[in-house]
Structure formats: C-alpha cells, structure tokens
Amino acid sequence: MENKDLKLGFDKILDGNKEWMDFVKNDTSGRFQQLAKGQNPEILWIGCADSRVPANELTGTKPGEVFVHRNIANVCVHSDMNMLSVLDYAVNVLKVKHVIVAGHYGCGGVAASLSRKQFGVIDNWLCHIKDVYRLHAAEIDSIQDPEQKTNRLVELNVVEQVFNLCTTSIVQNAWKERDDLAVHGMVINIGSGELIDLDTTFTNNESLGKVFAYS
Ligand SMILES: [Zn+2]
C-alpha cells in the first residue's frame, strides 16, 4: 500500500490481532479449543451496524455466547432473506433462548428517517422506519426537541421490529414446539453504556392479534 495512512490503519488491525493471538495462546481454560469445535450460544442479538454498539462488549459476553446480526437501524423486515436466514438458523438449529432487538439512542439511521433528505440507496431501507413513524406520527410530532424526537422513534422502532420478528412463521412455529424462546426489545445509551429493557418481551403469539397470530 503506497498511501501511508491507509497502511497504518490496516496495520493497526493486524497488530491488534497479534495481541489477541497472545491472549488466546495464554488462556489455559481450554475454551478456545472448545470454541474451535463449534458454538452453542443462547442469545441472538439483532443490533444496529453502528460502530459504537458491539454486542459482546455491551453485554459482558465472550466469543461463543452471542449469535449476531446487525444492519442499519436494526430493522427486521419479513422479506429480508439475510435476517430470516440468521433468525431461522439461530432459532431452529442453535436453539437460542433469547432474541434481542437492540436499538441505540442517537441512531443516525433513525434520525435520517425523520428528515426529507435523500441519502442514496439507504433511503429505501430507511422507509421501513418512516413506516414506524407513520404508525406513531401523533406522538412523534408532539415532541419538539429533535434529539428527543429521534430517541423516542428509536424506542418505537425497536418495539415494532420485535413485533415483526414475533409475527414471522419462524418464531411462531418455534413457539408451537417449545416454551423457552423469548423475544426482547432493548435500547443502548452509548454515553452511559446502559442497556435498557423496553419491557416489550414476547414468549408466545397470544397477543399478536387475530390477523398476525397463526392458528
Ligand atoms: Zn444506529
């Protein structure tokens, strides 16, 4: 690489990996040898792609403990084969017990969805969040402060994405077979590090409504 800054940025990652390799080498618990054989996580984390919200660090979990899917603004769309594949594998093969949708205050994707500006291809993705706004327009419009407006939509977006997950055939069919699968909605406060439970947990399809709950 001729560009020195470019090389420095890449070298930082390789140097970081050397430190990690030393850590793995000096670990005497045997857990990395165990992890090399396979994974058995109990949690599926669906979070925002934002660089400030890493699942493991935020939850004090280690490699092997959390199966992770991230996209811009933690959106769960029923036609997204990427998300559906992750969900199906996590629920039906790994048999995770907790699915967590984790949004975060100050989410750029959510803030952008409240504006009329175009940002590129992402506009079509953000339209899913504009749909959430449409469901809650009266409440969002009643908030004057732009930051609070965004943060309330962050919360409501998580609530709606949790609902979207619960209405998938994947989650509903799993509930027919077992009672140890919970879907939760949470929000991260990046400044304090707090992971806030929005108390929107589902463990069955009983409250999904007559059109959404499969018989
Ligand atoms: Zn975000």
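Helices (H or I, at least four residues) and strands (E, at least two) are DSSP runs, numbered from the N terminus. The model is predicted, so that local features need pLDDT of at least 70 and side-chain atom pairs count only at pLDDT 80 or more, while totals for chains, interfaces and linings use all residues. Residues are numbered from 1 along each chain as its sequence is written.

**Exercise 1. Describe the order of the elements in the protein chain.**

Solution. Begin with the count, which is nine helices and five strands. Then read from the N terminus on, where the elements run α-α-β-α-β-α-β-α-α-α-α-α-β-β.

**Exercise 2. Decide how the axes of helix 4 and helix 9 are arranged.**

Solution. First, take the axes, which are lines fitted to C-alpha atoms, for helices over the stretch in contact, with angles that run from 0 to 180 degrees between N-to-C directions. The axes of helix 4 (residues 81-93) and helix 9 (residues 169-177) come within 9 Å and cross at roughly 10°. Next, apply the cut-offs: angles under 35 degrees count as roughly parallel, over 145 as roughly antiparallel, 65 to 115 as roughly perpendicular and the rest as oblique. Helix 4 and helix 9 are therefore roughly parallel to each other.

Last, list the residues in contact, meaning that their C-beta atoms, placed from the backbone, lie within 7 Å. Helix 4 brings Leu-84, Leu-87, Asp-88, Val-91 and Asn-92, and helix 9 brings Ile-170, Val-171 and Ala-174.

**Exercise 3. Determine whether Val-162 is buried or exposed, and find what Val-162 touches.**

Solution. Start from the rule that a residue is buried if 20 or more other C-beta atoms lie within 10 Å of its own, exposed if 12 or fewer, and partly exposed in between, with C-beta atoms placed from the backbone. Val-162, which lies in helix 8, has 24 other C-beta atoms within 10 Å and is therefore buried. Leaving aside residues up to four places away in sequence, Val-162 touches Val-101, Val-183, Gly-185, Thr-200 and Phe-202. In the protein chain as a whole, 28% of the 215 residues count as buried.

**Exercise 4. Identify the residues that touch the most other members of the largest nonpolar core.**

Solution. A nonpolar core is a set of buried Ala, Val, Leu, Ile, Met, Phe, Trp, Tyr and Cys residues joined through C-beta atoms within 7 Å. The largest one has 43 residues, and Val-101, Ala-102 and Leu-165 touch the most other members. Helix 8 (residues 146-166) gives the most to this core, with seven residues.

Conventions
Two residues are in contact if their C-beta atoms, placed from the backbone, lie within 7 Å.
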